[in-house]
Amino acid sequence: MTATCTITDWVCLACGTLCDDLTLTLDPSGPIAQLEPDCGPARLWWERVAQTASGPVAAVNGQPTSFQTALDCAAERIRAARSPRLVGLDATSLEGQRAAVALAERIGAVIDSGSAEARARLAAMARVGRCSATFGEVHARADQILIWACDPTTTHPRFLTRFVDPPGRFAVAPRNVIVVGSTPNATSARASLCLSVRPEQRIAALATLLALLRCAPIRSEQVAATTGQTLDAWTTLADALRRARYGVVVTDSTLDDPVEYEALLRLVRALNQRPDGRFVHLSLGLPGNAAGAEAVLGWQAGYAPDVTFAAGYPAMGVPDLEHDLTIELGSAFNLNRAPAAAVATIRIAPDATVTPPEPAVAIASSALGISESGTVIRSDGLALPVLSVVPSSRPSVAAILRELLQRLPDAAEQGTSP
Amino acid sequence: MSGRLWVIRGGRVIDPANGVDEVRDIWIDADRIVAPPADPESRPARLLDARGAVVMPGGIDVHCHIAGPKVNAARLMQPEISREAPPRPRRAGFRSGTGGVVPTSFTTGYRYAGLGYTFACDAAIAPLAARQAHHELADTPVIDKAFLILLGNDHFALERIGQGRASALRDYLAWMLGATRGYGVKVVNPGGIERWKQAQGTTSSLDDPVPGFDVTPRAILTEIARAVDELGLPHPVHIHGLNLGLPGNAASTLELMKALDGHRAHLAHIQFHSYAGDPSDQESMASGVEPLADYVNAHDHLSLDVGQILFGPTTSMTADSAVAEYLHRLTGRKWLSHDVELETGCGVVPIEYRHTQFIHALQWAIGLEWFLRVNDPWKLALSTDHPNGGSYLAYPRIIGWLMSRALRDEVWAALPAPARSRSALADLDREYTLAEIAIITRAAPARMLGLADRGHLGPGARADVTIYRDDPDRVRMFELPRWVIKSGQIVIDDSELRAAPDGLTLHNAPAHDDAIIPEIRDHFDRHASIRFAHFPLRSEEAP
C-alpha cells in the first residue's frame, strides 16, 4: 500500500462477538491507523496476526523451502502416520474446515477441539436441549440480562454496547442487568444486582433458583451454606427472572462443567414454562470460527466438537490414543488458545514458519480476516462472510488442505459411466 | 451422431407428464434426454438393457428438511441416534457418515440416490441461515437441491403488508430470493411465530392480530401469495398453516384454503392440519380430511404434500417454534429452540410415533386418507415432511400401502379401536397404479416446483432416470432401484452406489426495483446484528 486505506464493515475475529461493523484505516506500512469504534482486543489481534505475513512461505525441519516441497513432505509424513490428530479446526474458515474434515476422514485422524466449553455445552444439550437466540433477538427483545460467571465487558467488549445498551424494537433501555459471579468485575460494576458466588457454589445456586421457580420447599440455612448468599438474595433474583418478558442468560467459554451447564439449561427451560415470558441462553463464543467447526462436524460427521475417524467412519469423542502425528491449523489466530500439548508435526497457519515451537513441516497460509476471504459462524449461529482486506500471495488454509488431499489419493477412484 | 449418445433399451417407460406408459427406448446425450436418432442404423455408445424393467423419471421430493442450522442442531442434540444407527464407512470416492433419521449431509445425498430420487427441496431455511445452508447442500452429493426461504414472520415484509405496499413487498421478496440464492418462498404459521416470541401465545385464527404489526395471518398469506404470483415464481407460496397438530385444525385449514382462492398455493404436510375435534381435548381428535379433500377436488389453485407419518422414532423439526414447545410439553422430551432475529425461529423435539397410541394411529390413517381422497394425483405429492413424519427412506412402504389395500389393512387391524372409529380409511378401496405413483413421486412434484426439465422423460428433460425391477413386491421394487441415472451418469447400478457427482443447488433471482434497497438497508441498520453488506450471498458463495 502507498496510501492509507479505509475498510468499512470489517469482520473482526478477535473475540466471539465477531463484530462486522468496524471501520479500519490502515497505514501504508500496514498497522492500524484508526479503528472505529475502537476496541482493544481487535487492535491486538490485528497487530499480532498481521505481523505473521513476514517469514518464509514454508519450512521443513526449520529450513525454508518451497510450498510444493513442504506439501510433499507433509503428505509423506501423513502416509507414514499410524495415529494422526488434527487440532485447530476453529482457526479456519468454513471452507477450510470442510477440507480439514475431509482430510481427517481420509487419513483416519482424530479431530480434537480442545474446547471444554463446547464439550460441556453439547453434552448438556444432548440431555435437555437448549433455548437460544441470535444476538439480534437479544437487541430486539431482551429486558432482563443475567450474566452468569463471566465478564463480557472485558472479554467481549462490544457485546453489551452493541446489543444490550441501545433500545431495541420491543425493548427499552436501560435493560436490567444482573451478574452472578465469583468476583466484582467490569460487568458487575454496571449491574442492578450482583451476587458473589464462588465457582464451586454455582451448581447449588442454580439448584436454588430452580427450586424457587418451582416453589419447592427450601431450607434457608442450607442455601446460605451451599451458595454463600441468603435465600432472600436468591428470591430477589428469581423474582427478577420471573418478571422477564424476554430474558437472557449469558455465559462464556469458561463455563466448562457439564453438570453446571445442564443445570443452567434446565433453569432456562423452567423459565420458559411461564405463560407470559420467554427466556434464552447465549454462549459468547471463542475467537475465530469455533461455531463453524461445530457446524461442519455436525453435517459431515454427525458429532461435535471432537470426532475420530480412526475406524473409517465418524465416532464421537477423542479416544485415549498415543498420536504419532499432529496437524495444527492457525496457531496465531486465537489469542487465548493454550499451546498445543505436543509439538505439531505439520503446522498450517499464518505464523507457521515464524512462531515457535518449530514443527517438522510448516506451511504459511494467508490470514483469515486480513489476507484471506471465507465464511465464519458466530456463536449464535449466524454465518458471516469474511473478506480479504490486504493482498497476499499465500494460499488459504482451505487451498493448502485441498492440495494435501490431492497428494493423498483414495485407493481407487470412483466408477465412471457414460 | 454424438459419441456420447446412449440408450436405455426396452423398458416399460412410465412418463405421465408426456402421457406415456409403454415399452420404448430412452436416448440420452450427455445430461439430457433426446429424441431417438433419425437414422435407424445409429448405434449408441452404450446400451443399457432395461427389458422387463420399469423406467421412470428420477424422484423429486417437494418438501423435506435436509440442511440448515436446525437440521444440524437436531444432529448435535441427538448423538444417540448417530451412535445407534450403523455408520457409513468411507470408501474410495465416497465420504463416510452417520445415519438414523437425521443423517449427515453426504449420507443424505447417497440415500436419496439409492432410493431413486434425484432432487430434493428443503422447505424451510431462514434467510439469515441461507449462507450455511448453501455450504451444507454443497456437501450433499448426487442429488440436485433447492430451498425455500422463510418470510411469513419477516418484520420487513409484515410492515409492508400492514402499510398496504404491495409493490414494496414484491420487490423485497424478489430481492430476498436473489440475496439468499433461494428458490421459493415459504410461510410458516404466519405471524404466529412472532406472536410466540413476544410470549403472547400463537395465532389460532386467520384474523388474529400480530402484535406490533398491523397485520393478520390472512393478510400475510394472501399478500405473499399475490406477490409470488406477480413475480411469476415457478413455485407458488409454500404454506405451513396455523394450529399444526391440534385437534380441530381442519376448520382453520379450510378457512385458509378459501382465503387463498384466486392465488396459487402449495399446502405443506397437510396431514398435520386435517384434524377434527376440540383443540383443548386431545382425545376428541378425529379425521377432518373429507371436507378438505372435497374442497381440493373442487378447486384448482392448490397443491399439497401429505406429510405421512410412520410408526417409530423420529425427530420433529420446524420453524414453528410454538409447535415445538407444545410437543415438548406434551412429551416431556428434550427441546431445542432458537429464535432468529428479523424473521423466524426453530424448534427440535425427538418424537416416537406408536401404532398403539390413539393420536399417532389416527395421524397414520389421516395421511393415507389424503392420498386416497384426492381424485387428481397431480394435486398431491408424496412426503413425510422428512424427518417430521419419518425418514424419506420410508417412501417405498407408503407406496406399498397406496398400491395395496391388503397391506393397509394389515396395519389398520393392529390400530386401537378408538382410532379406527375416527377415520373412514377402511371405507376407501382405491389402489394406486404405477402411473399414479409416478405422478405423486416425480411428475407432480416437478410440476409443483415449476421444474420444467424434470419429472418427465421427454426430449430436453434432464437425464435423471430411475429404473426399477418390475417386482410384484412393490415395496421391495421401490426400495432397491436397479439403476439410477443422474444427469446422464449412472450413479446406482445393481442397487449399489457407483458414483457421487456434485449436485446443483437451484435458485431464482427475479427482477426487482432497486429503489427498495435503501429501505432494506435502513431496516438492517436499525434491527439486524449483522451489517447489510454481509447479508447477500456473493456469487462465488452459491454459484
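Two residues are in contact when they have heavy atoms within 4.5 Å of each other. The structure is a predicted model, in which local features need pLDDT of at least 70 and side-chain atom pairs count only at pLDDT 80 or more, while totals for chains, interfaces and linings use all residues. Residues are numbered from 1 along each chain as its sequence is written, chains are lettered from A and ligands numbered from 1 in the order in which they are written, and side-chain values use heavy atoms, with hydrogens and water left out.

Asp306(A) was examined with its surroundings. Beyond its neighbours within four places in sequence, Asp306(A) is in contact with Ile111(A), Asp112(A), Ser113(A), Gly114(A), Arg119(A), Ala315(A), Met316(A), Gly317(A) and Val318(A). The side chains of Asp306(A) and Arg119(A) make a polar contact at 2.5 Å. Such a contact is a pair of N or O atoms within 3.5 Å; within protein, one must be able to donate a hydrogen and the other to accept it, and residues adjacent in sequence count only if both atoms are side-chain atoms. Asp306(A) counts as buried because its relative accessibility is 5%. Buried means under 20% relative accessible area, exposed over 50%, and partly exposed in between (1.4 Å probe, protein chains only).

Asp306(A) sits in the loop between helix H12 (290-301) and strand S14 (307-308) of chain A. Helices (H or I, at least four residues) and strands (E, at least two) are DSSP runs, numbered from the N terminus. The 12 residues of H12(A) should span 16 Å at 1.5 Å a residue, and the end C-alpha atoms are 16 Å apart, which agrees. The expected span is 1.5 Å times one less than the number of residues. H12(A) is largely enclosed by the rest of the structure, because 10 of its 12 residues are buried. Among them are Glu294(A), Trp299(A) and Gln300(A). Just after H12(A), Gly302(A) takes a positive phi of about 90 degrees.

Backbone geometry was examined next. Most residues other than glycine have a negative phi, and most peptide bonds are trans. In chain A, a cis peptide bond joins Glu36(A) and Pro37(A), with omega about -10 degrees. Pro37(A) is in the loop between strand S3 (32-36) and helix H1 (40-50). A cis peptide bond also joins Pro356(A) and Pro357(A), with omega about 0 degrees. Pro357(A) lies in the loop between strands S17 (346-349) and S18 (361-364).

In chain B, Asn189(B) is not a glycine, yet has a positive phi of about 40 degrees. Asn189(B) counts as buried, at 2% relative accessibility. Ser487(B) has a positive phi near 50 degrees. Ser487(B) is partly exposed, with a relative accessible area of 22%.
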